[in-house]
Amino acid sequence: MAKIIFFFDRDDQYYELSNFAGFGFELDGHHWRTMEHYFQAKKFEGTSHFEKILNCGSPKQAKDLGQNRDIPIRRDWDEVKESIMLTGLRAKFQNPELKQLLLGTAKKLLVENSPYDSYWGIGPNGKGKNRLGHLLMQVRDESR
Ligand SMILES: Nc1nc(O)c(N)c(N[C@@H]2O[C@H](COP(=O)(O)O)[C@@H](O)[C@H]2O)n1
């Protein structure tokens, strides 16, 4: 049995772990359609761009809006982004179905197999930080 779970593409067995997966949750008085909506919107808290991301349809739209640098993102984003990601993941995995799925991964290494992102995923050379995978494993440990 493989000791590593790679997730990223829609047809991956554990696609639910992806921030793009369609599992909504409540947090900070809002309903978030996906983790990606929450994460990207938090870059622009207190602006109309936050509302635009909150209300947009797809995680892809949320990410595209979140990468728009015509609108300034909060200055301390690099310092707070990990704790924002962790807070969102904790809320997402309150869903009993998702919590069971996460716990069912037991002690396996969770890896966001993103070919683009060397910070949250493992990036093009497979050596990225995989911070999303590590935070998911933290939430898994907390859920036991
Ligand atoms: N382009 C893309 N497609 C997916 O299906 C993804 N899961 C991701 N990764 C997510 O992108 C977010 C990082 O965004 P920033 O570059 O920090 O703005 C993060 O939620 C990754 O999990 N990307």
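The model is a predicted one, and the protein chain in it holds 6 helices and 4 strands. Read along the sequence, these elements follow the pattern β-β-β-α-α-α-α-α-β-α.

**Overall size and annotated region**

- A compact globule with 144 residues would have a radius of gyration near 15 Å, and the protein chain, which has 15 Å, agrees with that expectation.
- Taken along the principal axes, the box that the C-alpha atoms of the protein chain fill is roughly 45 × 35 × 30 Å.

**Helices H2 and H3**

- Helix H2, which spans residues 48–55, and helix H3, which spans residues 59–66, have axes that come within 8 Å of each other and cross at roughly 160°.
- Because angles over 145 degrees count as roughly antiparallel, this crossing makes H2 roughly antiparallel to H3.
- The crossing of H2 and H3 is left-handed, and the residues of their contact divide into 3 nonpolar, 2 polar and 1 charged.
- On the H2 side the residues are His49, Lys52 and Ile53, and these meet Ala62, Leu65 and Gly66 in H3.

**Helices H5 and H6**

- Helix H5 (residues 96–103) packs with helix H6 (residues 131–143) at an angle of about 100°, and their axes are 9 Å apart.
- Since angles of 65 to 115 degrees count as roughly perpendicular, H5 and H6 are therefore roughly perpendicular to each other.
- From H5, the residues Lys99, Leu102 and Leu103 meet Leu136, Val139, Arg140 and Ser143 in H6, and by class the residues of this contact divide into 4 nonpolar, 1 polar and 2 charged.

**Helices H4 and H6**

- Helix H4, which covers residues 77–92, also packs with H6, here at an angle of about 50° and with the two axes 10 Å apart, an arrangement that makes H4 oblique to H6.
- The crossing in which H4 passes H6 is right-handed.
- H4 contributes Glu82, Met85, Leu86, Leu89 and Arg90 to the contact, while H6 contributes Arg131, Leu135, Leu136, Gln138 and Val139.
- Sorted by class, the contact of H4 with H6 has 6 nonpolar, 1 polar and 3 charged residues.
- Leu136 and Val139 of H6 take part in the contact with H4, and Leu136 and Val139 are also met by residues of H5.

Technical notes: Residues are numbered from 1 along each chain as its sequence is written. This is a predicted model: local features need pLDDT of at least 70, side-chain atom pairs count only at pLDDT 80 or more; totals for chains, interfaces and linings use all residues. Axes are lines fitted to C-alpha atoms, for helices over the stretch in contact, and angles run from 0 to 180 degrees between N-to-C directions. Helices (H or I, at least four residues) and strands (E, at least two) are DSSP runs, numbered from the N terminus. Angles under 35 degrees count as roughly parallel, over 145 as roughly antiparallel, 65 to 115 as roughly perpendicular and the rest as oblique. A crossing is left-handed if the near helix is turned anticlockwise from the far one by less than a right angle, and right-handed if clockwise. Two residues are in contact if their C-beta atoms, placed from the backbone, lie within 7 Å. Ala, Val, Leu, Ile, Met, Phe, Trp, Tyr, Cys and Pro count as nonpolar, Asp, Glu, Lys and Arg as charged, and the others, Gly among them, as polar. The radius of gyration is taken over C-alpha atoms; the globule rule is 2.2 Å times the number of residues to the power 0.38.
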